[in-house]
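Subject: Handing over a structure, with notes on what was found

Dear colleague,

I am passing this structure on to you, together with some notes for a reader who comes to it new. Please look at it first and then read on.

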Amino acid sequence: MLETVDAGVQSLSRYDASVGAGALARLHELAAPLRGLRVLHVNATPYGGGVAEILRSEVPLLRDLGLVADWKLITGDEAFFRVTKKIHNGLQGAEPALTPEEQEAYLTNSIRNAKLLEESYDIVVVHDPQPLALLHFHGKGQARWAWRCHIDTSEPNPQVWDFLQPFVVGYDAAVFTLGGFVPERLPVPRLEIIPPAIDPESPKNLDLPPEIAQRVLSWIGVEVDKPLVTQVSRFDPWKDPLGVIESYRLVKREVPDLQLALVGSMALDDPEGWDMYRQIQEAATGDPGIHLFTNLTGVSNVEVNAFQRLSDVVIQKSIREGFGLVVSETLWKRTPVVAGDAGGIPLQLRDGAGGFLVHSVEECAERTLWLLRHPEEARELGASGKERVRERFLLTRLIADELRLYASLAGVAQHTDGRAALVGLTGEPRDMVCGMRLDRAKALIADYEAEEFLFCSEPCRRQFLAEPARFLRAVATQG
Ligand code: UDP
């Protein structure tokens, strides 16, 4: 059997205060015809990284809604996860091609894991490329299969995509975070754009009184009365932790007592983490202002919560990014963010709310310094990001989208009043850049090649018009 993650059940009623009773009632309405539906989510790690974060929160709530939801893991040795990390990097555009031995390691492990999937389900959702080939080697059975890709696959390394693409064949649907992430030659009959979301009630995001947050940080060695900037991320070159250190050094020239916390988790499926960790350690040597923490030394959800709450500025200097849950997590706590203009980050830091988008070490330093020198403006900026998160990036919206997807894949009719979720399925009016469902009367229109396209906002409309072919891939895929 594939290993099952023991996720328990959580009551949705707990979300009343953060998302409102109306949203909860609509979720129950969407779930009613799906009671008893057997849904399996499969990924490669139970902790460390956004996918594990989402599943840890989502699966218990799907159960509370009456679905029979399971979360299982594929397993593999370090060699396998080195290959899958290379595939991950290749899908995000990195150069090195897969050697025949690496391809063989991926296939052998996929076959082994496929044999371990013994139970039957109505819906199987496979997350990211690590377990992608399960369907090919297991066979579809009675289930409908969806591939949920969380990374930016807009310009994959062609050799890596050529290798993986045959394993996408057979999926009933593919789900991406942004319209612009859809790769060329995607052989699936339907495609959905569904952005991820954060759990406002998880230990990482729930309200933490400032005095408790201070005690938590001071206990692990942070000087809470000195200025603090933090990046919370896997130790991954795409998250540019070395760039964060360079940027911190530039700011420190002006703010000598500045501290930098680099908080990183070591995911099971990310063996590169240790290489990066050593590079960071080396770069930080001799500077007592740099604190390096990992989940392996006990820095976990509550500590991350405290860092995101108490830091003067949270940095997320990603070069490539799927979504960057950490940005919404931070904005939810009203802390300003300085972040790389990559992937799903601009979706969260939009219209000048919540923080600044940056494109270089210098710009990152400049914006961070400005926020440190303007605490009142920084507080206001941080607070301005929270509403956007409430509106778009909370878990209940994500679950609503997924329930709608399950229903449509399973052929179950749902009664909805059209307000149940902001994101739409194929055929509904929606913004093809960010995936948001639209009210036709309020949407912005772009005319392109004698067709009308609808958008939630001017930035999405502009993004589409700058590169229409990229976004039209989604339409072409849906036929
Ligand atoms: N995270 C954590 N501890 C760490 C580093 C990261 O709990 O030391 C969490 C972080 O809070 C977020 C997730 O891991 O919930 C990372 O998700 P994101 O989408 O930002 O990036 P990914 O790792 O999926 O690329």
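This is a predicted model: local features need pLDDT of at least 70, side-chain atom pairs count only at pLDDT 80 or more; totals for chains, interfaces and linings use all residues.

Residues are numbered from 1 along each chain as its sequence is written.

The domain assignment of the chain gives domain 1 (3–197 + 394–410), domain 2 (210–392) and domain 3 (429–479), with bounds that come from an automatic or database domain assignment. The centres of domain 1 and domain 2, taken over C-alpha atoms, are separated by 27 Å. Where these two domains touch, 24 residues of domain 1 are in contact with 22 residues of domain 2, contact being counted when the C-beta atoms of two residues, placed from the backbone, lie within 7 Å. On the domain 1 side, the elements that give two or more residues are H3 and helix H4 (78–91), and H4 gives the most, with five residues. Helices (H or I, at least four residues) and strands (E, at least two) are DSSP runs, numbered from the N terminus. The residues on that side of domain 1 divide into eight nonpolar, ten polar and six charged; here Ala, Val, Leu, Ile, Met, Phe, Trp, Tyr, Cys and Pro count as nonpolar, Asp, Glu, Lys and Arg as charged, and the others, Gly among them, as polar.

Where does the ligand lie? Domain 1 and domain 2 both give residues to the shell around the ligand, so it lies between them. The ligand is surrounded by 18 residues, of which the closest are Gly49, Gly50, Glu53, Ser265 and Leu325; a residue is near a molecule if its C-beta atom, placed from the backbone, lies within 6 Å of it. Two or more residues of this shell come from each of H3, strand S9 (259–264) and helix H12 (325–332), with H12 giving the most, three residues. By kind, the shell divides into six nonpolar, eight polar and four charged residues.

Turning to the sheet, seven strands form an open sheet with mixed pairing, in the order S1-S3-S2-S4-S5-S6-S7, where two strands pair if DSSP finds at least two bridges between them. Strand S1 (3–4) and strand S7 (191–193) stand at the edges, each with a single partner strand, so one side of each is left without a neighbour in the sheet. S1 and strand S3 (residues 68–73) pair in the antiparallel sense over two bridges, and Thr4 has Lys72 as its bridge partner in S3. S5 and S6, by contrast, run parallel and are joined by three bridges, with Val175 in S6 as the bridge partner of Arg148. Both faces of S6 are covered, since Ala173 and Val175 on one side and Ala174 and Phe176 on the other are all buried, that is, 20 or more other C-beta atoms, placed from the backbone, lie within 10 Å of their own.

Finally, Ala105 is found in helix H5 (residues 100–116) and is buried, with 20 other C-beta atoms within 10 Å. Leaving aside its neighbours within four places in sequence, Ala105 is in contact with Ala79, Phe80 and Val83.

With best wishes

Terms used. A residue is buried if 20 or more other C-beta atoms lie within 10 Å of its own, exposed if 12 or fewer, and partly exposed in between; C-beta atoms are placed from the backbone.
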